[in-house]
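Subject: Structure for your review

Dear colleague,

Please find below the structure that I am handing over to you. My notes on it follow directly after.

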Number of protein chains: 2
Amino acid sequence: MKDWVINLTVVLADGTVIKTRRRPRKSSAGYNLNGLFVGSEGTLGLVTEATLKLAVVPEEFSVAVVTFPTIRDAASAAAEVMQTGVPIAAMEIMDEVQMKVVNLGGATAPRLWKEMPTLFFKFAGTKASVKENIARVQAITKNNKGSNFEFAKDLREQKLLWSARKESLWSMLSLRKEGEEVWSTDVAVPFSRLADIIEVSKKEMDDLGLFASILGHIGDGNFHESIIYNRTKKEELDKVEKCVKNMVKRALDMEGTCTGEHSIGWGKKDSLLLEVGPDTLGVMKQIKAALDPLWIMNPGKIMDLP
Amino acid sequence: MKDWVINLTVVLADGTVIKTRRRPRKSSAGYNLNGLFVGSEGTLGLVTEATLKLAVVPEEFSVAVVTFPTIRDAASAAAEVMQTGVPIAAMEIMDEVQMKVVNLGGATAPRLWKEMPTLFFKFAGTKASVKENIARVQAITKNNKGSNFEFAKDLREQKLLWSARKESLWSMLSLRKEGEEVWSTDVAVPFSRLADIIEVSKKEMDDLGLFASILGHIGDGNFHESIIYNRTKKEELDKVEKCVKNMVKRALDMEGTCTGEHSIGWGKKDSLLLEVGPDTLGVMKQIKAALDPLWIMNPGKIMDLP
């Protein structure tokens with residue numbers, strides 16, 4: 001996200017209104033306040049305007065979908081695509097449970113998806129480069145036990161092939177029964193450890209005996225667990241909480257982060273301390289105390305003061 | 001630069017050593033200290049280690065060079081390349097004075113360059129995409145009165161064609177006579193204003209009657225003025241200083257920044273205030289005061305306290 005923000009208008013704790021920077025693509029004028037306020041979860045100020053970068057609309061798009069016998073094979077294929085440097089616009093992983101959830105939800109009917117670990121690719125560029133990159137991705141996925149490779153020949157097929165990814169969250173939410181919720185959380189690890197953490201985390205999650213799936217922005221080393229559970233059943237709540245905490249601990253053990261994009265909020269304050277340590281958290285607290293001494297901006301999020 | 005920094009080890013003013021973040025490509029864990037310390041010119045802490053991103057080495061590279069009748073034509077061609085979204089690895093502009101400086105310096109001899117406004121392009125990607133992008137850039141530059149289009153057929157020619165860009169600073173420095181210095185400074189503006197500011201600034205610079213040239217990372221809206229002058233001659237110093245201040249003021253009037261990549265240092269503290277205003281500068285000062293209350297880290301750079 002932060003890479004797409006040119007500048008922000010922010011109302012500070014004392015009511016002052018500032019603009020973080022001006023409009024050029026590049027500037028080295030003073031501290032990078034833009035990068036500081038983006039992702040600060042409203043704890044340093046209230047964002048009232050954002051100027052975003054525009055990108056050129058590419059000449060051509062396409063989408064490809066490919067299935068794998070195991071989640072590790074899918075993750076290995078994704079790693080090889082990244083390491084080869086094939087330019088892709090998006091690369092997403094969904095496990096066999098998540099694919100089943102989409103089928104059950106019915107949002108993409110009458111199309112039924114193979115209930116297998118699946119990679120979704122988006123391509124963008126010139127006609128020639130999109131064609132070339134599809135061929136390279138097809139060769140790499142085939143080498144990693146991929147099968148059922150499909151790519152979109154027109155806009156209608158693009159929408160159809162991407163629909164499973166697009167409907168994944170809503171399909172999951174639609175399966176909740178009375179009293180049930182979805183626990184959705186994310187971590188990110190260095191790319192080289194992604195297959196390891198997904199494989200182990202998926203096994204532990206499958207053992208819960210609940211509807212639990214994995215979905216990820218795999219090109220960033222970032223993935224999500226989504227678990228349907230009943231919060232009023234203490235035993236269920238406890239085991240889901242333990243499973244999620246184990247995933248976060250595993251990510252930290254692999255030099256990863258406790259959250260790739262969901263942020264800290266109330267829920268991961270302990271994990272943030274484990275991740276960055278007391279001295280780095282101390283610097284964050286000094287900045288918070290300097291800009292919001294009365295602790296009135298979204299208090300209690302990210303950190304506890306003093 | 002900041003886009004390539006994964007994390008930093010920083011020694012703070014009180015001797016504490018922190019790491020700004022961990023290794024994943026993506027994280028939303030707490031404040032973005034990484035972005036804050038990069039570009040803070042040593043005023044918040046002393047960087048002792050940096051972890052950088054690695055990029056995949058592309059299959060193919062090439063370089064192209066093309067000349068234009070006026071600097072505005074060159075800037076217009078560059079704008080069209082950006083607006084069309086042709087993926088290029090680098091795009092640099094040099095004016096006719098800068099090309100002459102390279103010829104005079106002799107570092108690329110026996111090759112002699114046309115002493116005309118010139119664009120330099122670097123391409124990287126697959127063989128097919130590099131070929132396609134060279135053709136697109138050739139068509140765009142031709143439409144904008146470009147001529148003498150050359151592109152490199154092998155590594156030796158790549159080095160040769162890029163050599164004028166590579167030797168530009170050293171060629172300039174080699175032309176100094178006894179007592180002379182080079183005043184080198186940069187600004188950046190929104191892309192749509194680049195041709196305007198370069199044209200006007202170049203005219204004012206030419207009127208100085210000194211050796212003065214323009215060179216720019218034009219894809220970022222960022223360019224540099226380099227002026228050879230004698231600091232001991234008060235009249236020369238005064239007129240160069242006025243010319244540079246006018247360029248900075250012009251950039252700010254166009255919603256630009258007083259520095260794209262050279263930073264504030266001692267020299268542009270007044271310009272920073274003009275650029276961001278007292279409230280935004282005030283936030284920078286609050287952060288400085290929180291992390292370095294005794295003002296011992298690179299004091300006097302970027303801002304004056306209190």
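How many salt bridges are there over all chains? The count comes to 40. Please bear in mind that this is a predicted model, and that the values below were computed from it.

**Relation of the two chains**

Two copies of a chain are related by a rotation about an axis and a shift along it. Here, chain A is superposed on chain B by a rotation of 180 degrees, with 0.0 Å of shift along the axis and an RMSD of 0.0 Å. The two copies are therefore related as by a two-fold rotation axis. Both copies use the same surface, since 99% of the contact residues of chain A recur in chain B.

**Salt bridges between the chains**

Arg23(A) and Glu255(B) form a salt bridge through their side chains, at 3.1 Å from N to O. This pair crosses between chains: Arg23(A) is in the loop between β2 (17–19) and α1 (33–37) of chain A, and Glu255(B) is in the loop between α8 and α9 (269–291) of chain B. Arg23(A) is partly exposed, at 37% relative accessibility, and Glu255(B) is partly exposed as well, at 42%.

There is also a salt bridge between Arg23(B) and Glu255(A), whose closest N and O atoms are 3.1 Å apart. Arg23(B) lies in the loop between β2 and α1 of chain B, while Glu255(A) lies in the loop between α8 (234–253) and α9 (269–291) of chain A, so this pair joins two chains. The relative accessibility is 37% for Arg23(B), which counts as partly exposed, and 42% for Glu255(A), which also counts as partly exposed.

A further salt bridge links the side chains of Lys26(B) and Glu261(A), at 2.8 Å from N to O. It runs between chains, from the loop between β2 and α1 of chain B, where Lys26(B) is found, to the loop between α8 and α9 of chain A, where Glu261(A) is found. Lys26(B) counts as buried, because its relative accessibility is 17% and the cut-off for buried is under 20%. Glu261(A) is partly exposed, with a relative accessible area of 35%.

Separately, Arg72(A), Arg193(A), Asp196(A) and Glu199(A) are joined into one network by salt bridges that share partners.

Leaving aside neighbours within four places in sequence, the residues in contact with Lys26(B) include Ala188(A), His217(A), Asn222(A), Thr257(A), Gly260(A) and Arg21(B).

Glu236(B) is located in helix α8 (residues 234–253) of chain B. A polar atom of the Glu236(B) side chain lies 2.8 Å from the backbone nitrogen of Asn230(B). Apart from neighbours within four places in sequence, Glu236(B) is in contact with Leu210(B), Tyr229(B) and Asn230(B).

Chain A is divided into domain 1 (1–55), domain 2 (60–166) and domain 3 (176–293). The centres of domain 1 and domain 2 of chain A, taken over C-alpha atoms, are 35 Å apart.

Val101(A) belongs to helix α3 (residues 96–105) of chain A and is buried, at 0% relative accessibility. Not counting residues up to four places away in sequence, Val101(A) touches Ser168(A), Ser171(A), Met172(A), Leu175(A) and Phe211(A). From Val101(A) to Glu167(A) there are 66 residues in sequence and 9.5 Å in space, C-alpha to C-alpha.

**Backbone geometry**

Most residues other than glycine have a negative phi, and most peptide bonds are trans. The peptide bond from Ala109(A) to Pro110(A) is cis, with omega near 10 degrees, and Pro110(A) sits in the loop between α3 and β6 (118–125) of chain A. In chain B, the peptide bond from Ala109(B) to Pro110(B) is cis, again with omega near 10 degrees.

Glu41(A), a residue other than glycine, has a positive phi near 55 degrees. Glu41(A) lies in the loop between α1 and β3 (46–52) of chain A and is buried, with a relative accessible area of 19%. Glu41(B) likewise has a positive phi, of about 55 degrees.

With kind regards

Definitions and conventions. Residues are numbered from 1 along each chain as its sequence is written. Chains are lettered from A and ligands numbered from 1 in the order in which they are written. This is a predicted model: local features need pLDDT of at least 70, side-chain atom pairs count only at pLDDT 80 or more; totals for chains, interfaces and linings use all residues. Side-chain values use heavy atoms; hydrogens and water are left out. Domain bounds come from an automatic or database domain assignment. Helices (H or I, at least four residues) and strands (E, at least two) are DSSP runs, numbered from the N terminus. Buried means under 20% relative accessible area, exposed over 50%, partly exposed in between (1.4 Å probe, protein chains only). Contact means heavy atoms within 4.5 Å. A polar contact is a pair of N or O atoms within 3.5 Å; within protein, one must be able to donate a hydrogen and the other to accept it, and residues adjacent in sequence count only if both atoms are side-chain atoms. Copies are superposed by least squares on the C-alpha atoms of residues with pLDDT of at least 70 in both. A salt bridge is a side-chain nitrogen of Lys or Arg within 4 Å of a carboxyl oxygen of Asp or Glu.
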